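Okay, everyone, let's get started.

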Amino acid sequence: MSKKLIYADHAATTPLMPEALEAMLPFMKEEFGNPSSIHSWARKPCEAVCEARATIARCVNADPEEIFFTSGGTEADNWVIKGSEGGMLVSSYEHHAVLNAAASEAGCGRDIVYVRPKVGSGGGYIMPEKLAKAWRDGVGLVSIMTANNEIGTVNPIHLLSDLAHKRGAFFHTDAVQAVGHIPIDVQEMGVDFLSASAHKFNGPKGIGFLFIRKGVKLEPLLNGGQQENGIRAGTENVASIVGMATALKINCERMDENIAHLENLTLRLRDGINRIFPYAVYLGGGGTAQLPGFISVSFPGCTAEGLLHMLDLKGIAVSTGAACDSKNTKISHVLKAVNVTKDIALSTIRITLGAENTIEDVDGIVFALKLLRGKAKLPR
Amino acid sequence: MATPKECQYCHAELSRDEIGLSKKLFESETKKGKYSCMPCIAAMLEVTQDDLIAKIEEFKRQGCKLFG
């Protein structure tokens with residue numbers, strides 16, 4: 001009998017939504033025309049790109065001309081950081097797409113300041129006081145993620161962008177983990193730039209978008225043709241753009257239902273974990289300032305990497321914030337930034353549920369943890 | 001020459017891959033000098049030995065130096 005596979009690593013990537021695939025197929029077959037061509041083969045692809053842009057804009061409360069297609073979140077982040085000017089203030093627990101782009105800019109002489117998240121109980125957030133304290137003259141851009149990819153905390157972006165604007169800087173948020181999962185409104189958030197990646201919300205891989213507020217100037221990252229209003233060159237990935245818009249639209253329509261479903265699953269999972277491991281430690285805030293379906297949990301005394309591999313052998317996919325090779329143990333920059341102890345960091349796994357997960361999946365995870373605790377002698 | 005390691009349960013002599021797998025899965029146990037052979041690990045985790053072999057191949061592909 002084959003074992004039931006349970007995918008609980010949705011923060012890494014999500015399954016492609018069938019409706020998105022269906023919408024993509026014509027543009028991978030008969031409607032293969034280049035949307036920039038001036039003959040009739042361009043007509044449908046061009047209309048599809050235009051419609052997708054309008055759909056995405058509606059989902060985040062932007063104007064269609066403020067949406068620019070990219071190859072994903074990494075390109076969108078790099079574009080903002082490398083296309084902007086002045087000093088930069090970034091949080092120390094950003095995704096590497098932001099941190100490494102900022103480090104590259106620092107190598108070119110740009111002033112980069114790092115702000116750390118709040119630590120300790122209820123920590124994991126970037127608070128306006130922290131941002132104000134870290135401020136330095138000459139900061140032209142602030143980049144703080146909407147939701148953290150390892151601990152799932154959701155930052156108060158509207159407060160942070162307000163502070164940045166009052167001090168004369170532009171504000172960028174990497175919303176890769178949040179778009180399609182929690183309400184995103186670029187007007188309410190007050191951001192000038194927002195990055196997103198389709199494969200995190202059941203769209204295809206290799207496509208994303210950047211919101212650039214009207215009137216805000218950004219130098220192109222890629223030079224070439226005149227696509228994307230002349231600031232992002234490269235023939236449009238029509239099928240993926242259509243797939244991304246379809247997935248986002250459906251996820252936004254189902255958002256309330258998905259959030260309620262994931263909150264139920266999360267409660268059940270936490271309850272099951274607490275019964276097996278009474279000393280489990282949860283990272284991140286919980287409640288409304290946490291991504292739905294997101295659990296970052298530490299089992300002190302266990303080795304997270306071993307636990308991950310044992311769960312994988314049982315057909316369950318989760319993730320860790322620390323990884324070992326034969327000689328070294330590397331703790332992620334996020335767990336370091338939130339200042340957890342080495343023991344906690346090395347015993348933390350990330351379980352991220354998606355809308356397609358079921359109560360049976362959650363019970364399967366709990367059952368596997370119970371078996372591993374008993375037979376593999378995991379500490380209680 | 002170092003004494004060959006044996007399985008903590010059935011005392012079978014262990015291969016390099018079994019030692020590596022014990023280290024990957026049960027680090028705290030191996031720190032106490034306790035290792036397990038493939039059949040005992042499979043029984044403990046209620047998986048097949050083929051599952052374990054596939055996992056070992058995955059570690060090798062990832063470049064883990066613990067395996068032969």
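Read chain B along its sequence and you get α-α-α-α. In other words, chain B has 4 helices and 0 strands, where helices (H or I, at least four residues) and strands (E, at least two) are DSSP runs numbered from the N terminus. Its radius of gyration is 11 Å, close to the 11 Å that the globule rule gives for 68 residues, so chain B is as compact as a globular protein of that length. That radius is taken over C-alpha atoms, and the rule is 2.2 Å times the number of residues to the power 0.38. Along its principal axes, the C-alpha trace of chain B spans about 30 × 30 × 20 Å.

Before I go on, a word about what you're looking at. This is a predicted model, where local features need pLDDT of at least 70, side-chain atom pairs count only at pLDDT 80 or more, and totals for chains, interfaces and linings use all residues. Residues are numbered from 1 along each chain as its sequence is written, while chains are lettered from A and ligands numbered from 1 in the order in which they are written.

So how confident is the predictor? The model scores ipTM 0.93 and pTM 0.94. For chain B, the mean pLDDT (the predictor's confidence in each residue, from 0 to 100) is 91, and 94% of its residues reach 70 or more. Within chain B, confidence is lowest in helix α2, residues 27-31, at a mean of 87, and highest in helix α4, residues 49-61, at 96.

Now, where do the two chains meet? The contact takes 11 residues from chain A and 14 residues from chain B; two residues are in contact if their C-beta atoms, placed from the backbone, lie within 7 Å. On the chain A side, the elements giving two or more residues are α10 (304-313) and α13 (359-375). Of these, α10(A) gives the most, with 4 residues. That side of chain A divides into 4 nonpolar, 4 polar and 3 charged residues. Here Ala, Val, Leu, Ile, Met, Phe, Trp, Tyr, Cys and Pro count as nonpolar, Asp, Glu, Lys and Arg as charged, and the others, Gly among them, as polar.

Chain A itself has domain 1 (6-14 + 254-375) and domain 2 (18-253), with bounds from an automatic or database domain assignment. Taken over C-alpha atoms, the centres of these two domains of chain A are 27 Å apart. Where they touch, 23 residues of domain 1 are in contact with 30 residues of domain 2. On the domain 1 side, α11(A) gives the most, with 4 residues.

Last stop: strand β7 of chain A, residues 193-197. How many of its residues are buried? It's 5 of the 5, so β7(A) is largely enclosed by the rest of the structure. Buried means that 20 or more other C-beta atoms lie within 10 Å of a residue's own, exposed means 12 or fewer, and partly exposed is in between, with C-beta atoms placed from the backbone. F193(A), S195(A) and S197(A) cover one side, and L194(A) and A196(A) the other.

What does β7(A) pair with? Strand β6(A), residues 170-174, runs parallel to β7(A) and is joined by 3 bridges, with F193(A) the bridge partner of H172(A). Strand β8(A), residues 208-212, pairs with β7(A) in the antiparallel sense over 5 bridges, and there S195(A) has L210(A) as its bridge partner. Pairing needs at least two bridges found by DSSP between the two strands.
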